[in-house]
Amino acid sequence: ISTGFLRLTVPKNPDATDVTFHVEITSDVTAASWTTNGTTVDTNTATLLQVHAETPVASSDGAFIRLRVSRP
């Protein structure tokens, strides 16, 4: 949040090539409204993923961010 945006930073295992990372946000954690819309990927390398929400924290009533990992 020090950048003014809700941010998620995740180390990645470069040997785990069979997984997909999805960063999702919502304003209501009790609803089924998680979405990848409204996020920006800052860094996506073999060892690091950094994503931030597009709405500044100061302009938001509240938000949650999560990482969902899936395998095809």
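**Note on a five-strand model**

1. **Histidine 52.** Histidine 52 sits in strand E4, which covers residues 48-56. Strands are DSSP runs of E with at least two residues, helices are runs of H or I with at least four, and both are numbered from the N terminus. Is histidine 52 buried or exposed? Its relative accessibility is 13%, so histidine 52 counts as buried. The cut-offs are these: buried is under 20% relative accessible area, exposed is over 50%, and partly exposed is in between, with a 1.4 Å probe and protein chains only.

2. **What you are looking at.** This is a predicted model, in which local features need pLDDT of at least 70 and side-chain atom pairs count only at pLDDT 80 or more, while totals for chains, interfaces and linings use all residues. Residues are numbered from 1 along each chain as its sequence is written, and side-chain values use heavy atoms, with hydrogens and water left out.

3. **The partners of histidine 52.** The side chain of histidine 52 makes a polar contact of 2.8 Å with the side chain of aspartate 42. A polar contact is a pair of N or O atoms within 3.5 Å; within protein, one must be able to donate a hydrogen and the other to accept it, and residues adjacent in sequence count only if both atoms are side-chain atoms. Set aside the neighbours within four places in sequence. Histidine 52 then touches Phe5, Leu6, Arg7, Gly38, Thr39, Thr40 and Asp42. Contact here means heavy atoms within 4.5 Å.

4. **Aspartate 42 and arginine 7.** Aspartate 42 also has a charged partner. Its side chain meets that of arginine 7 in a salt bridge, 2.6 Å from N to O. Aspartate 42 is in strand E3 (residues 39-44) and arginine 7 is in strand E1 (residues 5-11), so the pair ties together parts 35 residues apart in sequence. A salt bridge is a side-chain nitrogen of Lys or Arg within 4 Å of a carboxyl oxygen of Asp or Glu. Aspartate 42 is partly exposed at 36% relative accessible area. Arginine 7 is partly exposed too, at 29%.

5. **Glutamate 24.** Look next at strand E2 (residues 20-26), where glutamate 24 is placed. Its relative accessible area is 6%, so glutamate 24 is buried. Two arginines reach its side chain. Arginine 66 makes a side-chain polar contact with glutamate 24 at 2.7 Å, and arginine 68 makes one at 3.0 Å. Beyond four places in sequence, the contacts of glutamate 24 are Trp34, Thr35, Thr36, Phe64, Ile65, Arg66 and Arg68.

6. Glutamate 24 and arginine 68 form a salt bridge, with the closest N and O atoms 3.0 Å apart. This pair links distant parts of the chain: glutamate 24 lies in strand E2 and arginine 68 in strand E5, 44 residues apart. Arginine 68 is partly exposed, at 35% relative accessible area. Which residues make up the network? Glu24, Arg66 and Arg68 are linked by salt bridges.

7. **Arginine 71 and aspartate 18.** These two side chains meet in a salt bridge of 2.4 Å, N to O. The pair connects distant parts of the chain, with arginine 71 in the segment after E5 and aspartate 18 in the loop between E1 and E2, 53 residues apart. Arginine 71 counts as exposed because its relative accessibility is 62%. Aspartate 18 is partly exposed, at 35%. How many salt bridges does a search of the whole structure find? The search finds four.

8. **Valine 69.** Valine 69 belongs to strand E5, residues 64-70. It counts as partly exposed, with 46% relative accessibility. Outside the four places on either side in sequence, it contacts Val19, Thr20 and Phe21. Glutamine 50 is 19 residues from valine 69 along the chain, and their C-alpha atoms are separated by 14 Å.

9. **The whole chain.** Now step back. The protein has zero helices and five strands, in the order β-β-β-β-β from the N terminus. Its C-alpha trace spans about 40 × 30 × 15 Å along the principal axes. Of the 72 residues, 18% count as buried. Take the contacts between residues at least 6 apart in sequence: 69% of them join residues at least 24 apart.
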